[in-house]
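Reader: Please pick one part of this model and take me through it closely. Start with the chain as a whole, then zoom in, and tell me how each term is defined.

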Amino acid sequence: EIAEGCYNLGVLHYLGEGIKQNIEKARNLLSRACNLGYGLGCNDLGALYEKQDYKNASELYSKACNLGYGIGCTNLGILYEHGKGINKDYKKASKLYSQACDLEHDAGCFNLGGLYINGKGVREDYKKASELYSKACDLGHGTGCNNLGLLYASGEGIKQDYKKASELYSKACDLEIAEGCYNLGASYYLGTSIKQDDKKAN
């Protein structure tokens with residue numbers, strides 16, 4: 001409870017909500033939360049450090065991940081995937097994304113799906129990618145819904161189903177993903193997935 005209190009106060013200081021913004025105070029409070037074993041504190045402190053110190057950021061993300069916070073695993077995976085402050089390592093990134101996904105972190109599932117699409121660190125596998133995008137979508141990741149819709153539309157790794165694709169575009173659009181709205185409008189306009197409806201497409 002003390003750790004969570006430090007974390008919440010740190011976030012308020014960082015955002016400047018209800019109190020004057022104070023990044024240094026936020027950093028100290030997040031550090032205290034992290035030292036007390038609150039993984040979100042480690043993760044958010046890592047995000048603060050990422051702006052100028054990737055080594056410290058990676059250590060903090062790793063601690064958050066080891067404490068069972070999927071967001072920490074995802075953020076560390078991003079550093080490995082893009083070689084930020086550490087050597088680029090797709091295999092390591094894929095393992096971290098997989099861990100994050102197992103911990104129900106939507107972006108972990110989504111990012112792992114992207115590695116399977118591109119065959120980076122894992123063998124190219126559209127079926128596996130579709131399963132990961134599906135889980136990401138179920139967890140509320142709008143681009144995951146959109147990308148799964150694209151796979152349904154193309155029939156790659158999954159049985160082609162235009163109706164299912166449009167449903168996924170609609171979900172992505174509801175989650176404020178512009179590409180999902182565009183793809184839904186295009187499917188209405190082209191009449192590929194549902195009865196053609198020019199009024200809805202506009």
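Author: Among contacts in the protein chain between residues at least 6 apart in sequence, 41% join residues at least 24 apart. Contact means heavy atoms within 4.5 Å. The model is predicted, so local features need pLDDT of at least 70 and side-chain atom pairs count only at pLDDT 80 or more, while totals for chains, interfaces and linings use all residues. Residues are numbered from 1 along each chain as its sequence is written, and side-chain values use heavy atoms, with hydrogens and water left out.

First, the setting. The protein chain has twelve helices and zero strands. Helices are DSSP runs of H or I with at least four residues, strands are runs of E with at least two, and both are numbered from the N terminus. Read from the N terminus, the order is α-α-α-α-α-α-α-α-α-α-α-α. The C-alpha trace spans about 55 × 40 × 30 Å along its principal axes. The chain has 202 residues, and 42% of them count as buried. Buried means under 20% relative accessible area, exposed means over 50%, and partly exposed lies in between (1.4 Å probe, protein chains only).

Now H6 itself. This helix covers residues 90-102. The 13 residues of H6 should span 18 Å at 1.5 Å a residue, and the end C-alpha atoms are 18 Å apart, which agrees. The expected span is 1.5 Å times one less than the number of residues.

Which residues of H6 are buried? They are Ala-93, Ser-94, Leu-96, Tyr-97, Ala-100 and Cys-101. These cover an arc of only 165° around the axis, which puts them on the same side of H6. The arc is taken from the directions that run from the helix axis to the C-beta atoms. An α-helix has 3.6 residues a turn, so residues three or four places apart point the same way.

What do the buried residues of H6 pack against? Their partners are H4, H5, H7 and H8. On the other side of H6, Lys-91, Lys-95 and Asp-102 are exposed. Take Lys-95 of H6. Its relative accessible area is 58%, so Lys-95 is exposed. Lys-95 and Ile-78 are 17 residues apart in sequence, and their C-alpha atoms are 11 Å apart in space.

Next, the H7 partner. H7 covers residues 106-118. H6 and H7 pack at an angle of about 145°, and their axes are 7 Å apart. Axes are lines fitted to C-alpha atoms, for helices over the stretch in contact, and angles run from 0 to 180 degrees between N-to-C directions. H6 passes H7 in a left-handed crossing. A crossing is left-handed if the near helix is turned anticlockwise from the far one by less than a right angle, and right-handed if clockwise.

Which residues meet there? From H6 come Tyr-90, Ala-93, Ser-94, Tyr-97, Ser-98, Ala-100 and Cys-101. From H7 come Gly-108, Cys-109, Asn-111, Leu-112 and Leu-115. By class, this contact has eight nonpolar, four polar and no charged residues. Ala, Val, Leu, Ile, Met, Phe, Trp, Tyr, Cys and Pro count as nonpolar, Asp, Glu, Lys and Arg as charged, and the others, Gly among them, as polar.

Leu-112 and Lys-128 are 16 residues apart in sequence and 9.4 Å apart in space, C-alpha to C-alpha. Lys-128 sits in H8. With 32% relative accessibility, Lys-128 counts as partly exposed.

The loop between H6 and H7 holds Glu-104. Glu-104 has a positive phi of about 70° although it is not a glycine. Most residues other than glycine have a negative phi, and most peptide bonds are trans. Glu-104 is partly exposed, with a relative accessible area of 46%.

His-141 lies in the loop between H8 (126-138) and H9 (142-154). Beyond its neighbours within four places in sequence, His-141 is in contact with Asp-106, Ala-107, Phe-110, Ala-136 and Leu-175. At 15% relative accessibility, His-141 counts as buried.
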